[in-house]
Amino acid sequence: MSIKKLDQAALDRWVDGLIEKQKVVGVKAKGDRFAFGELTSSSELRLDYDVTILPPKKFFLPQVEDLLTFQKDTGFESVITQESVVLFGVHPYDTFAINQLDILFSENNEDIHYKARREATTIVACDVQAASENVFAGCMGTATVDSGYDIMLTKINDEYLVDINTEKGEVLTHDLIDLPDATDNDLETRERIRESNRKNLRKHELRPAVGYLPKLLGETYDHELWEEKAKLCFSCGSCNLVCPTCYCFDVQDDFNWDMSSGRRFRIWDGCMLANFATVAGNHNFRDDKAARYRHRYLRKGKYIPEKIGQIGCVGCGRCITACVANIANPVEVYNRLAEGNE
Amino acid sequence: MTVMTAHQKISGKDIYLPELATVREVRPMTHLEVFLELALDSGKELGHKPGQFAEISIPGIGEAPISISSSPTQSGIFQLVVRNAGNVTRAIHGLKKGDKVGIRGPFGTSFPVEEAMSGKDVLFICGGIGLVPVRSAINYVLHNRQNYGDVSILFGAKQPAERLFTDEIEEWKKREDVYFAETVDRPDENWTGNVGVITRLIPKLKFNPLNTICVVCGPPVMYKYVILELWWKRMSNDNIYVSLERRMKCGVGKCGHCQINGLYACQDGPVFKFSDVTEVPEAI
C-alpha cells in the first residue's frame with residue numbers, strides 16, 4: 001500500500017472532506033489539555049497533542065453502553081451499535097492498547113458489542129509530536145507501532161506522510177490518489193523521527209526489561225512496597241479510568257418509566273475501588289487495599305501477558321498524572337521491585 | 001446512531017443475551033432460602049454439568065450467578081436454591097409459579113463426576129448453602145450409584161433451622177450405600193445430633209485417601225480448616241476439588257470481578273482441583 005505526502009492545507013482539506021461524509025473523532029484542545037471528541041472542522045484537530053485525558057477506548061467500550069433492552073415477560077433483545085467512525089490521531093501506545101482490547105474481547109467468548117463498534121471504526125494513527133510529562137512508551141516498546149492501524153500519519157518538517165496500511169485505510173484516502181508519493185528521503189526522515197521518539201518518550205526510565213516483568217511480579221508477591229504505596233491510596237479508581245488497557249465493567253439494569261420495559265447496560269468499573277470484589281452478603285474477597293493495589297500491577301504485568309503474551313501496560317503515563325496520591329507510577333513500582341533482583 | 005438487532009450485520013451470538021425460563025415450582029426452604037424449579041421456554045435442556053452455575057436475570061433488577069442444584073440426570077427442568085442476600089436474590093424470592101426469568105449459561109467448570117470420581121470412593125463436604133451446588137453431584141452419583149465406590153456426605157449448618165434439603169437428607173441417612181453425617185454450630189432444644197464445626201466430622205470418617213475423591217464447598221472460611229483435616233487423613237491435593245464463590249457479573253471472563261489472582265472463577269472455576277490453586281494466594 002502507498003505512502004502519500006500532504007502539506008497542512010491538503011491535510012485540512014482531506015479531514016474536512018471526511019467530516020462531510022461521516023463522523024470523525026479526533027484530538028481537540030480541552031482547556032490546557034487534550035481530549036478525543038467529534039470534529040466539526042479540521043481546524044479543531046490537534047495532531048501536535050502530547051496525550052489525551054482519556055484514552056480512545058471509550059469509542060469501543062463507552063463509559064456507559066446499553067447491551068440489551070428488555071420487556072417484562074417477553075424477554076431481552078440485544079442492542080448492537082455499529083456507527084461508522086473515523087478515529088483520528090491515535091498515538092502508537094494507544095494503538096497497542098486497542099490491539100490488546102481487540103484480542104481480549106474476541107478470544108474465548110467473543111463480545112459482539114465491542115466487535116460491532118470496533119469493526120465500524122477506521123483508525124488513523126499518528127506518530128507522537130510532543131512528549132507528555134509522564135510518558136514512558138519508549139521503555140515499553142510502544143513509542144512507535146507497525147501494525148493495528150488503518151492509516152499512520154507522521155509529521156516531517158511541515159508536511160505529513162500518510163501511510164495507508166489496510167483496505168479500510170485505502171477507502172478513506174481515495175481523494176489523495178493524485179497527491180505525490182513519499183520519497184526515500186522522506187522515509188528516512190520518518191525513520192529518524194521514530195528513532196528519536198523511541199529514545200525520547202521516556203520521562204521515566206524502566207530498569208528491568210519489559211519481558212522480565214511477569215517473572216519479576218511473580219517473585220515479589222509479598223514485597224513491602226505494596227503495603228507502603230497502598231497506605232496512601234484513596235481507592236478512587238482514577239488510574240483504572242484513564243488506563244487504555246483497563247476494561248473491567250459492571251452491569252446494571254434500569255427500568256423505563258412504564259416500570260415494565262428497560263435496558264441493561266455496562267459501565268466502567270475499576271479493580272482499585274473498594275467494593276470491586278464484594279459479593280451479596282457483604283463479603284469482600286479483596287478487602288485489603290494493598291491486595292487491590294497489587295492486583296492492578298499483577299494484572300497488567302503478569303495475568304494479561306500470561307493470557308495474550310503481551311504486557312498490559314503501554315507506557316502512556318496517564319495513571320501517573322491522574323493519581324492524586326502520587327503512587328501510581330508503574331516505572332517506580334517495577335524499578336523498586338527489581339532492586340536487588342536485577 | 002444506528003441501532004440494530006444482533007442478527008442484522010454482526011455475526012455471532014450475544015454472550016450477554018439471556019433466554020427466557022418459566023418458574024414451574026417455588027417454595028421456601030428455610031427462612032433464608034427459596035427453592036425454585038425452572039424450565040427453559042425453548043423446551044431445550046439447560047445442558048449443565050454438576051457444579052456449574054447460571055446467570056439468572058430479573059429484568060430491571062439485574063443478574064446474579066446462581067449454582068444449579070439439580071442433577072443433569074433430571075431432565076426437562078433445573079432447580080435452584082437461592083439465599084436472600086442482595087437485590088437480585090431478593091427479587092428471586094418474590095417470584096411466583098409461572099413467572100419468567102432470564103437465563104444465561106450454564107457456565108464454568110464442574111465436579112469431575114465422570115472423570116476423576118468415576119470408579120472411586122467419593123466424599124462430599126458441604127457447609128451451609130455449599131450443599132446447593134454439591135447436591136447436583138450427589139444426585140448424579142446416586143443416580144449412577146454402580147459407577148462409584150463408597151459414598152460419604154458430610155454436612156454442616158449454622159443451626160437446625162438452616163438445614164437444606166431435609167427430605168433428601170432423611171433418604172441419604174436411610175440408604176445402606178451412603179454414609180451421611182451432619183452437625184450444627186448452634187443446636188436448638190430439639191436437636192439431638194452432632195454439635196460443632198464440620199471439621200469435627202472428618203477425623204471419625206473412615207476412608208482410603210488414595211482411592212477417594214473429595215468435593216468441598218462452603219463459606220470462604222471453611223476451606224482452609226477442612227483441608228487441614230483432610231491432610232491429617234493423608235489426602236492428596238490432587239484428590240480434593242473445591243468450588244469457590246466470587247463476585248461474578250458477566251460469567252464469560254470479561255468483566256474482571258471474579259478474578260482469583262490470574263484465574264477467572266467464572267471460567268477457570270468455580271470448581272478447581274485443589275492442587276491447581278495451592279500456589280494461587282487469593283484462592284483459599
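In chain A, T154(A) stands opposite L161(A), a residue of strand β10. This is a predicted model, in which local features need pLDDT of at least 70 and side-chain atom pairs count only at pLDDT 80 or more, while totals for chains, interfaces and linings use all residues. Residues are numbered from 1 along each chain as its sequence is written, with chains lettered from A and ligands numbered from 1 in the order in which they are written.

Back to that pair of strands. β9 (residues 151-156) and β10(A) run antiparallel and share 6 bridges. Strands here are DSSP runs of E at least two residues long, helices are runs of H or I of at least four, and both are numbered from the N terminus; two strands pair if DSSP finds at least two bridges between them. β9(A) and β10(A) make a hairpin with 2 residues between them, and N157(A) in the turn has a positive phi of about 55°. β10(A), residues 159-164, also pairs with β1(A), residues 3-7, again in the antiparallel sense, this time over 5 bridges. There, I3(A) has D163(A) as its bridge partner.

Now for some parallel pairing in chain A. Look for β7(A), residues 85-90, where 5 of the 6 residues are buried. Buried means that 20 or more other C-beta atoms lie within 10 Å of the residue's own; 12 or fewer makes it exposed, anything in between partly exposed, and the C-beta atoms are placed from the backbone. β7(A) is joined to β2(A), residues 23-30, by 4 bridges, and the two run parallel. In that pairing, G26(A) faces F88(A). β7(A) also runs parallel to β8(A), residues 121-126, with 5 bridges joining them, and L87(A) sits opposite I123(A). In a regular strand the side chains alternate between the two faces of the sheet.

Helix α2 of chain A, residues 92-106, holds A97(A). Why does A97(A) count as buried? Because it has 27 C-beta neighbours inside 10 Å. Leaving out residues up to four places away in sequence, A97(A) touches P55(A), K57(A), P244(A), T245(A) and V314(A), where contact means C-beta atoms, placed from the backbone, within 7 Å. S78(A) is 19 residues from A97(A) along the chain, and their C-alpha atoms are 27 Å apart.

Over to chain B, which has 5 helices and 16 strands. Its radius of gyration, taken over C-alpha atoms, is 19 Å, close to the 19 Å that the globule rule gives for 284 residues, so chain B is as compact as a globular protein of that length; the rule is 2.2 Å times the number of residues to the power 0.38. Along the principal axes, the C-alpha atoms of chain B fill a box of roughly 65 × 40 × 35 Å. Of its 284 residues, 48% count as buried. Among the contacts in chain B with a separation of 6 or more, 70% involve residues 24 or more positions apart.

One open sheet of chain B has 6 strands in the order β5-β4-β7-β2-β3-β6, with antiparallel pairing. β5(B) (62-67) and β6(B) (78-83) stand at the edges with a single partner strand each, so one side of each is left without a neighbour in the sheet. From one strand to the next the twist averages 40°, using axes that are lines fitted to C-alpha atoms (for helices over the stretch in contact) and angles from 0 to 180 degrees between N-to-C directions.

How do the two chains meet? 44 residues of chain A are in contact with 40 residues of chain B. Several elements of chain A each supply at least two residues to its side of that contact, including β4 (64-71), α3 (112-119) and α10 (289-308). The largest share, 6 residues, comes from β11(A).

Finally, the nonpolar cores: sets of buried Ala, Val, Leu, Ile, Met, Phe, Trp, Tyr and Cys residues joined through C-beta atoms within 7 Å. The largest has 166 residues, of which V124(A), F124(B), I125(B), C214(B) and V215(B) touch the most other members. Helix α2 of chain B, residues 131-143, gives the largest share of this core, 7 residues. Apart from it lies another core of 9 residues, among them L67(A), V79(A), I112(A) and Y16(B).

Key. Two residues are in contact if their C-beta atoms, placed from the backbone, lie within 7 Å.
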